[in-house]
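Trainee: I want to go through the labels on this structure one by one. Please give me the value and the rule each time.
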Amino acid sequence: MNQEQILTAPRNPTFVSLRKLPAALWLSLLIVGQAVFAWYIFALYTQPFTSGDNTIFNRVLNNLHVPDQLLANFSIALHLFGGAVISIIGPLQLIPAIREKALPFHRMLGRTYVITAMVISIAGMTFILTRGAVGGIYMDVGFALYGFLLFSCAVQTWRLAMAKQMQAHRRWAIRLFALGMASWLYRVEYGFWGIINGGLPGHDSDTFQGSFDIFMDFAFYIPTLIAVELYFYVRERFSDTAKQVALIVSLVVLVPSISLGCYAAAKGWWLPAIAG
Ligand code: HEM
């Protein structure tokens, strides 16, 4: 077969579907995993509004509601609502069929995502400044930096879309998405840590100042951002085969670990918290 025959030869449908399998598995994990997290947020944190019992806010973290501290209470409630919205919208933005066949819908979701990310960041920062995070200074600094990065990526994504610099816009949108899902990853990584150790060494459930807690104050988003930069690097400099190999390796290592962590977080924290 010469080069032209190779290019025009009909592709084996099984081979084509197999090539798409890693991306499809990643996408399914992100959609299902983040939908469960969003469901937990809605199901738990809407309960005080229907029952009038504000102590429900403190079922998972004991400082989310303090009577008479209106600004911090309002900020965290807004933050939680935005967190649920972003966890649902984010993975939908990655679905190729929506991007290709429903572009106006994709754009509308994109604008909602960017605005929500800004609101979450400002609300989270306001909470940190007015009440302070449960884990003290390390968590204040780690989460404030996280909020600053999320806000900056949202601004860049929006600004570059307005300036019609679409290539740069896409890169910032991917960074924004990676940070948006890092909050879910934070819980998932605790879940995974719990499964592999049969407990949570380095975690202090009262102060959140165990060695693992302090490490996690930064480790849930900095490696995620580094992974995105590596992805850009591989995408631009390596052949299609190398990219496919990288995707399959990520599939074999990361997808099972993240799925396991998500299962543990849902079983250990999210579902019991909803049940009360
Ligand atoms: C981007 C998506 C985000 C989601 C989905 C999210 C979700 C949540 C949830 C559900 C809680 C309540 C705890 C729980 O039930 O697990 C929470 C608490 C919190 N979040 Fe976020 N969050 C996000 C981003 C951020 C950002 C960017 C910041 C920093 C500005 C931040 C700072 C905080 C703080 C300080 C708390 C309270 C911790 C404490 O009790 O002291 N979050 N978040």
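Mentor: Start with K164, which is exposed at a relative accessible area of 66%. The rule is buried under 20% relative accessible area, exposed over 50%, partly exposed in between, with a 1.4 Å probe and protein chains only. So K164 counts as exposed.

Trainee: What kind of model is this, and how are residues numbered?

Mentor: The model is predicted, with pLDDT of at least 70 needed for local features and 80 or more for side-chain atom pairs, while totals for chains, interfaces and linings use all residues. Numbering runs from 1 along each chain as its sequence is written, and side-chain values use heavy atoms, with hydrogens and water left out.

Trainee: Where is K164, and what is its phi?

Mentor: K164 is in the loop between α7 and α8. Its phi is near 60°, a positive value in a residue other than glycine. Helices here are DSSP runs (H or I, at least four residues), numbered from the N terminus.

Trainee: What about D68: buried or exposed?

Mentor: D68 has 75% relative accessibility, so D68 counts as exposed. D68 is found in the loop between α3 (47-51) and α4. The phi of D68 is near 75°, positive in a residue other than glycine.

Trainee: Why is Y231 called partly exposed?

Mentor: Y231 has 43% relative accessibility, so Y231 counts as partly exposed. Y231 sits in helix α10 (residues 222-237). From Y231 to L247 is 16 residues in sequence and 9.6 Å in space, C-alpha to C-alpha.

Trainee: How do you know that K267 is exposed?

Mentor: K267 comes to 55% relative accessibility, so the label is exposed. K267 belongs to helix α11.

Trainee: Now the cysteines. Why is C153 called buried?

Mentor: C153 has 5% relative accessibility, so C153 counts as buried. C262 is also buried, at 8%.

Trainee: How many disulfides are there?

Mentor: The count is zero disulfides. The rule asks for a pair of cysteine sulfur atoms within 2.5 Å.

Trainee: Which residues are closest to the ligand?

Mentor: The closest are Y40, Y45, N63, H79 and V134, and 28 residues surround the ligand. A residue is near if one of its heavy atoms lies within 4 Å.

Trainee: Which elements give two or more residues to the shell around the ligand?

Mentor: They are α2 (13-45), α4 (70-92), α6 (103-130), α7 (136-162) and α8 (166-197).

Trainee: How does the shell divide by class?

Mentor: The shell has 18 nonpolar, nine polar and one charged residues. Ala, Val, Leu, Ile, Met, Phe, Trp, Tyr, Cys and Pro count as nonpolar, Asp, Glu, Lys and Arg as charged, and the others, Gly among them, as polar.
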